[in-house]
Amino acid sequence: PTTRNYNFVLSEVTAAPDGVVRQLFVINGKFPGPLIRANRGDRIVVNVTNRLSEPTSMHWHGMFQNGTNWMDGTAGITQCPIPPGKSFVYKFTIENQYGTFWYHSHYSTQYMDGLFGPLIVHAPEEARFRELYDHDQVVLIQDYYHNVSSTLIPGYLAPGNENNEPVPDNGLLQGTNYFNCSSLEADSGRACHDNSRAVIPVQRNKRHRLRLINVGGFAEFQFSVDNHTLSVIEADATMVEPLEVHRLEISVAQRYSVILTADREVGNYWIRVDMNTLCFTARNPLLNPAIKGILTYANSSTDPEEGTSTDWADARNVMCQDLNSTLLVPAEPESPPPADVVYSLKFAFMIGAYTLARAYVNESVSWTVPDVPTLNTAVSGLRSGNQTFNATGVAPSYGFDNQYIISIPENQIVDLLITNMDEGAHPFHLHGHEFWVLATSPEQYFPWHTYGSLNTTNPLRRDTITVDAYGWALIRFRSDNPGMWAFHCHITWHMEAGLLVQFQTRNDLMKDWTLPDDVLGLCEA
Ligand code: C2O
C-alpha cells in the first residue's frame, strides 16, 4: 500500500474570499485547504502543525477509522485538541470505502473559519462508473461569515437569544464569490473590493463529474445549472443508480456526485447555489441568498457575466426531487440490512425552545466538551473493569451529566429514531459508520404512530441525513467499529449548543486497547 504524506500548517491570515477583508484560518496558506486524493488501501499520514492562537483538531469526515478511533479527530471525544504551537500526526489506512469525503477541524465552530478541504478516494470498482464521465472535479459549496466564528458564539448562546443562529453574510462557491461592497454598513470599517464569481470550465460534449460538497456550517443549498440536467451517481460515498434531476438539495456535510453533460450551445450558463433561508431571512435583510457561479464552455466568446442561460424556472419547480427520500438506489447492492435489531433507540431533540439557548437530547442532556476525552475515560474504565454507562446512556458514575453516551457492547444492529422537535431541518452525522436510511418523514412523530413502510430491500447508505423540521428519520447501523463515536447535528452552531451524543461501540475489543502515547500526550500540554 502507498503511504501519502502531507504537512498541514494551520495559520491565521488576513484575506478576502468574497472581497470583504477578514481574519481567515488557512492550511498551508490556502483557502480552501488542499485536496487529498488517494486510493482505497492507502495509508494517509498528515502532520498537522497548529500555528493558530487557539487549539484545533482535524477530522476525516466519513472515514471509518476502523481500529484507529483515536485518529478520528474529535476534540473532547477521541483526543484533546492540538494546542497552539504544537503538532500532531494523524495516521490511518483507508479500508473498505471510496468516494467523496472531506476533512475539517472538529474543534468548536472552527472549520467555518477556513479549516477544511476535500478528500477523494478511488477504487477499482469505480471503473464501471468511470465510463459515465470524462472529467472529474470537486465543487465546494458553503455559507460564509465575515467574522471569525468564535466571536459570534457568545451572542448566539446568550440567555434569551432563543438560539437564533448567526445568519451568514454570503455564500461561496469554490471558496469565492461576488459581494456587493455597497451593502456593507458604512461604519463597519471594513475593507471591501470587487471580487469575481467562481468559474467552472467545461468542454462541449464532454461529461463532467461534479463532486459537490457542502463544506458550510449552517445553511442548506439547492444546486442547479441553467439549461442542464444533472445525473446523480453518488451520495456520501455510496454509488447510486443514475437519477436525472434539475436541481438538488444539499445539507451541511453531505456530498453528491452529479454528471453534467455539456451538450448545449457553446456559451456561459449560471450555476445557481441557492441558500435555503426559510428560517432566517428576516434576520439578515442584506443577505443575497442566490449565490451564482459560471459554467463556461471552452471557446465561449461571450462575457461570462452576461450568461446566455435561462432559468428554466418552470422545470425547476416541476422537477425538484427530494433526494432524502428513497429515490436514490445504491448501485452496488449489499445484502438487505439485517433485521435482528438489538438496540432500538429514540432521540428527540429540541433546540432554542422555551427561550433555552442550548440544545437538549431527550430533554436532559446538552453536550459540553470535557477536559478528558470520553474515549480516554472509557478505555481506562474498561481496563479497570468499572465501566458503567446506565441504560439511558447517561454516565452519572463518571460525573458526566453533560455526556450522553450509549454503550453498545458488541457487534449488533442498532436502530435510531431521530425526531426533530424544532422548526428547522437538522443534518445528523454519525462518525465511524455509514447507516441505512430506512425511512424519513416531514410529519411529526407520535409514539402511537407506526413508521409506515420501511425501505429494507436496498436502502441508501450514507453518513449524514437531514431530519426535516418537526419530522423524523429512522436509520439503522451495525456497531462493528470499536470506539467512541460522535453522532451530532453538523450545523456548527448546534454542535456548540450541545446537540451531540456519543456511541461507545464494541467494548469487547476496546477493553484491550492502550491509547498511543502521542494521543495521550496531547492532554498533557
Ligand atoms: Cu464532519 Cu463530527 O463531523
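## Basis

In this predicted model, local features need pLDDT of at least 70 and side-chain atom pairs count only at pLDDT 80 or more, while totals for chains, interfaces and linings use all residues. Residues are numbered from 1 along each chain as its sequence is written, and side-chain values use heavy atoms, without hydrogens and water.

## Domains

## Extent of the interface

In contact (heavy atoms within 4.5 Å) are 32 residues of domain 1 and 44 residues of domain 2. The two domains bury about 3000 Å² between them, 58% of it from carbon and sulfur atoms; buried area is the accessible area (1.4 Å probe) that two parts lose on being put together, summed over both. On the domain 1 side, Asp 18, Tyr 98 and Thr 100 lose the most area to domain 2, together 23% of what that side buries.

## Polar links and composition

The interface holds 1 salt bridge, defined as a side-chain nitrogen of Lys or Arg within 4 Å of a carboxyl oxygen of Asp or Glu. Glu 125 and Arg 40 form a salt bridge, with their closest N and O atoms 3.0 Å apart.

The side of domain 1 that touches domain 2 comprises 17 nonpolar, 9 polar and 6 charged residues. Here Ala, Val, Leu, Ile, Met, Phe, Trp, Tyr, Cys and Pro count as nonpolar, Asp, Glu, Lys and Arg as charged, and the others, Gly among them, as polar.
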